[in-house]
Amino acid sequence: MQQQRQQTARRSASSARRFLKKNVGIALAVTATAAVLGSAPSASAATGHAYRGSVVTDVRTVATFDYAAGEIPENITVNPDGSMILSMLGSCAVCQRTHGPQLMRISASGGRTVLVTGQVGEAISGNTRGSDGTVYYSVWAPGNAARNGVYALRPDGTPQRIAALPADAGPNGLAIDPAGRTLYIADSLKGLIWSVPVSGGSVTPWLTDAALAPVPTEALPIGANGLRFHDGALWVSNFNKGTLLRVPVTGTGAAGPIRLVAGGLPNIDDLSFLTPWSDVVFVAQNGPDRVVVVYPNGTYKAVLTSADGLASPSATAVRGDQLYITDGGVAEPHDAKLQTGRINFAALLANAAQ
């Protein structure tokens, strides 16, 4: 019986790999391999094992940045046309620069356009994109209630603050619900998630919980950090506690019980999903210089390290079979850059099937 199960598993994995080779459409690939990459009811913080084959290959640098001028990439959104929106920290309490932050667009061909420039002393942290092309971005302006909050950059190029946050709030990761009506904001200082209509208005504390809070004794007390809406839930990382969490959104829009997806990931920053139909997550660990793939059962495996050129990775994004990584370059020689690599689906499946 054991031998028969092993033969069946090998045939399934082989069929999935053949399918992936024949179909370049990622949506079709994930549909065919849903049994391997889909949701799992239980969670574990255990690390994965080492398997043959690299999950991410052909790693290269797409763009380099001037760290000394405040070009410190923090977050990334990949647009449908292949262009990318990057948040540049500029001057902030964390990086102690003397330049204002920027919201920058990089075209598919590499051309750069500065969309927004912030003020010295604040940071542009999270960003996300609405279905109408509006770019939402967080301005973390410590102690400045007149600037702190979330802004919308409409397709006509006009920025507007749509969510005013208290001066002691730390707006970071952003996520929009599938209906495109509600924007969620991770607060890295207060240990909560705010919500606000995408059209703007009064912010509401959507969820406050110790699992979202920073650790006050840490040199850099940062709690809730990365944020993504995925498969009926908000997924959030806690930087200090090294946790990846899933918070279901109920039919009334309220927060359900928090579930630990994975732990033991110190300095976990932003995250992205393999596809909208898969619970496989790529997370950046800013400090250990790792990008880790987290499987639906909570096991995880480092797929990129400093040996691949990572330098303070802060965020990931996926488009098709391409994985994008922003490197803040905090440690000397301050190698701030944007990298990309190709996702090896056969290796990804092999790891998930073990």
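Of the 354 residues in the protein chain, 52% are buried, where buried means under 20% relative accessible area, exposed over 50%, and partly exposed in between, with a 1.4 Å probe and protein chains only. This is a predicted model, in which local features need pLDDT of at least 70, side-chain atom pairs count only at pLDDT 80 or more, and totals for chains, interfaces and linings use all residues. Residues are numbered from 1 along each chain as its sequence is written, and side-chain values use heavy atoms, with hydrogens and water left out.

The chain has four helices and 24 strands; these are DSSP runs numbered from the N terminus, helices being H or I with at least four residues and strands E with at least two.

Now the salt bridges. There are six in the structure, each a side-chain nitrogen of Lys or Arg within 4 Å of a carboxyl oxygen of Asp or Glu.

Take Asp58 and Arg342, whose side chains meet at 3.7 Å, N to O. Asp58 sits in strand S1 (residues 56–64) and Arg342 in strand S24 (residues 337–343), so this pair ties together parts 284 residues apart in sequence. Asp58 is exposed at 55% relative accessible area, while Arg342 is partly exposed at 37%. Both belong to a salt-bridge network that also includes Asp321.

Next, Lys190 and Asp168 form a salt bridge at 3.1 Å, N to O. Lys190 is in the loop between strands S11 (182–187) and S12 (192–197), and Asp168 in the loop between S9 (159–164) and S10 (171–176), 22 residues apart.

Last, Lys337 and Asp335 pair at 2.8 Å, N to O. Here Lys337 is buried, at 6%, and Asp335 is partly exposed, at 31%.
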